[in-house]
Amino acid sequence: MTGFIIRRTLSMLVTFIVVSIVIFLMMHSIPGGPFDGNEMPLPDNIRDRLMAQLGLDQPLYVQYLRYMWGALHFDFGVPYQSPGETVMGLVAHAWVPSLVLGGSGIIIGAPIGILLGMAAALNRNSWIDYVASALATLGLTIPVFVTSTLLILVFAVWLHWLPASGWGEPKRWILPILAYAAVPLATYARYARSAMLDTLNKPFVTVLRAKGLSERRIIFQHVLRNSAIPMVTVFLPMFVGIATGSIFVEAMFRVPGLGAYFVSSIEKRDYPLEMALMLLISMLFCISYLLSDILYALLNPRIRVDGSRR
Amino acid sequence: MTELATQATGLARPDQTRQHSPLYFAWRRFADNKAALGAGVVLVVLILMAIFAPLITGTGGNEQAFLTQSLAFPSGEHWFGVDDLGRDFFARIVYGARVSLGIGLSAALFSLVIGLPVGALAGYLGGRFDWVTMRVIELFSVVPPLLAALLLASVTRGGLWAIVLIAALFGWVNVCLLVRAQVKSFREKEFIMAAQALGASPWHVIWRHLIPNSVSPIIVGFVLAIPLAMMLEASLSFLGIGVQPPTPSWGQMINIGMNFIFFYWHMAVFPTLALALTILSASLLGDGLRDAFDPTLKGR
């Protein structure tokens, strides 16, 4: 097991370094620099001084190494769009709305999705099965900003029940949370259903029935436990959905969170902020990949033995 | 073959034991799936509308023919109303289908062009090539496609072809994995070994035996790549770094419509519904095809 963890960690580390190099190169191939805007033309010598001050005159690999060295110390530089604070400071206050809204989305969406998927699997081809499948397909295929538009239209514009956008009073959180909840709800409805169905069709369930166990005991003690394994691995794609969805939800509902800053950093060529956000997100993904791998190996001894993935 | 057998045994065989091809059974399973069938019909109608757009709309998608009636609500004359720049909104939605479907189809085609050979080679050769391919795919799985696409789109400043290429860059992974799995499972079959023993070159084995046997994952991969590409296009255009105006794109129209949502709701509703309907039918069609080709996966 220790060998497995070390091997996975090393491979993730390599992946992360390659990704960081790719991101760094991509970032620097975006045409134009931070001082190329036309509103305030700078004299050449001042621009050169600023470039030197920010280290932008060095060769690329020096910039990369210097940057990663700083990143190791949580020093991501100063965002060009608000020079009064550091990138870390900005991230520190921007992640709050994202976490509150996205977290509530998961907390509300995932259990409903799991219950819905379970109910669908236990009552196959009934109306609840069709409702669950329809919700799962809708939630997984329709882009978040489409759901958000419809939510705003129905609840804010036509019914006047809730405010359409903003951040502050909890009343304004309801619509974005609903928009966020669609993804975990759909993901879990679909995977809980298929995991339950898979287990229900296994021979051991027939044996349990033949032995005369009550249906309730079969489902809660045996089927549910065995269906939990695949559902652990689904957490990752769902997390990806939430993280990328946050860009659109926050743009839609005008929430000052990480997603909104990500978009404005791309528009304003804010290299330090953009780079820091991309690195943070890829690092989160790497870590959650690693965790789900390890968790999966813990739950499923077969993986541990032959060391292969999934 | 059947005739020869009948003659040899001298027995008349009843008609209903006629052999059906696997494709026939796949079609039967697909036709049983009402949602997928309906989605297929909707998609065909949408494609026909996109192709024959000039015939069903009064004006072109970009003609500001109704400037005096700007922002008019839907009526008998303008089914979806008029937009802020005096363009018939129905015409813009229909021309938007050209952009959305066109990008979806061409991105899926490019995904196939990259994913098919790489997947077939990785599955057949195994070893080092397979290892490298899988590590590259692992890199793609760590970076969320939409975020990376955002970066790439801001590097290339959007545009139709840039979006098609970006969508293909992330679409080939699925096709590659599907083809690789199929080729890998067929590589060890007896008929492949027989072909190899008869001296068939790897190229011949892949081209004549392995790829024809992978037709179903290829079709499924192709169809499922379409809604993903359309979603990517709509998302990028929504953020303003995708298809640039005046070319009509639903994502971009939703973004503009959001500014008018409190008073002129038609500006947001129609592109939203059009996008949802198209992506939904393309995904349902893809899911239906997957279930039809591989009944063991049914209901996943």
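What follows is a chat about a predicted model with chains A and B.

Me: What should I know about the model before I start?
Reply: It is a predicted model, in which local features need pLDDT of at least 70 and side-chain atom pairs count only at pLDDT 80 or more, while totals for chains, interfaces and linings use all residues. Residues are numbered from 1 along each chain as its sequence is written, chains are lettered from A and ligands numbered from 1 in the order in which they are written, and side-chain values use heavy atoms, with hydrogens and water left out.

Me: OK, chain B. How many helices and strands are there?
Reply: Chain B has 13 helices and zero strands. Helices (H or I, at least four residues) and strands (E, at least two) are DSSP runs, numbered from the N terminus.

Me: What does chain B span along its principal axes?
Reply: The C-alpha trace of chain B spans about 80 × 55 × 30 Å.

Me: And how much of chain B is buried?
Reply: Of the 300 residues in chain B, 48% are buried. Buried means under 20% relative accessible area, exposed means over 50%, and partly exposed is in between (1.4 Å probe, protein chains only).

Me: Let's go to the interface. How many residues are in contact there?
Reply: In chain B, 38 residues are in contact with 51 residues of chain A. Contact means heavy atoms within 4.5 Å.

Me: What area is buried between the chains?
Reply: About 3900 Å², and carbon and sulfur atoms give 79% of that. Buried area is the accessible area (1.4 Å probe) that two parts lose on being put together, summed over both.

Me: How many salt bridges are there between chain B and chain A?
Reply: The count is one salt bridge. A salt bridge is a side-chain nitrogen of Lys or Arg within 4 Å of a carboxyl oxygen of Asp or Glu. Here the partners are Arg190(A) and Asp287(B), at 3.7 Å from N to O.

Me: Which helices of chain B supply the side that touches chain A?
Reply: Helices H6 (127–142), H7 (145–156), H11 (215–238), H12 (250–259) and H13 (266–293) of chain B each supply at least two residues. The largest share, 10 residues, comes from H13(B).

Me: What classes of residue are on that side?
Reply: That side of chain B has 27 nonpolar, seven polar and four charged residues. Ala, Val, Leu, Ile, Met, Phe, Trp, Tyr, Cys and Pro count as nonpolar, Asp, Glu, Lys and Arg as charged, and the others, Gly among them, as polar.

Me: Give me a residue of chain A. What does Met278(A) touch?
Reply: Not counting residues up to four places away in sequence, Met278(A) touches Ile23(A), Phe262(A), Val143(B), Leu147(B), Ala148(B) and Leu151(B). Met278(A) lies in helix H11 (residues 271–299) of chain A, and counts as buried because its relative accessibility is 2%.

Me: Back to salt bridges. How many does the structure hold over all chains?
Reply: Eight. One of them joins Asp130(B) and Arg180(B), whose closest N and O atoms are 2.6 Å apart. Asp130(B) is in helix H6 of chain B and Arg180(B) in helix H8 (residues 160–187) of chain B, so the pair ties together parts that are 50 residues apart in sequence. Both residues are buried.

Me: Where do Glu138(B) and Arg135(B) sit?
Reply: They are three residues apart in helix H6 of chain B, so about one helical turn separates them. Glu138(B) is buried, at 8% relative accessible area, whereas Arg135(B) is partly exposed, at 32%.

Me: Is Gln252(B) buried or exposed?
Reply: Gln252(B) counts as buried because its relative accessibility is 5%. Gln252(B) lies in helix H12 of chain B, and a polar atom of its side chain is 3.2 Å from the backbone oxygen of Thr247(B).

Me: Last one. What is the phi of Arg254(A)?
Reply: Positive, about 50 degrees, although Arg254(A) is not a glycine. Most residues other than glycine have a negative phi. Arg254(A) lies in the loop between helix H9 (215–252) and helix H10 (258–267) of chain A.

Notes. Polar contact = N/O pair within 3.5 Å; in protein donor to acceptor, adjacent residues only side chain to side chain.
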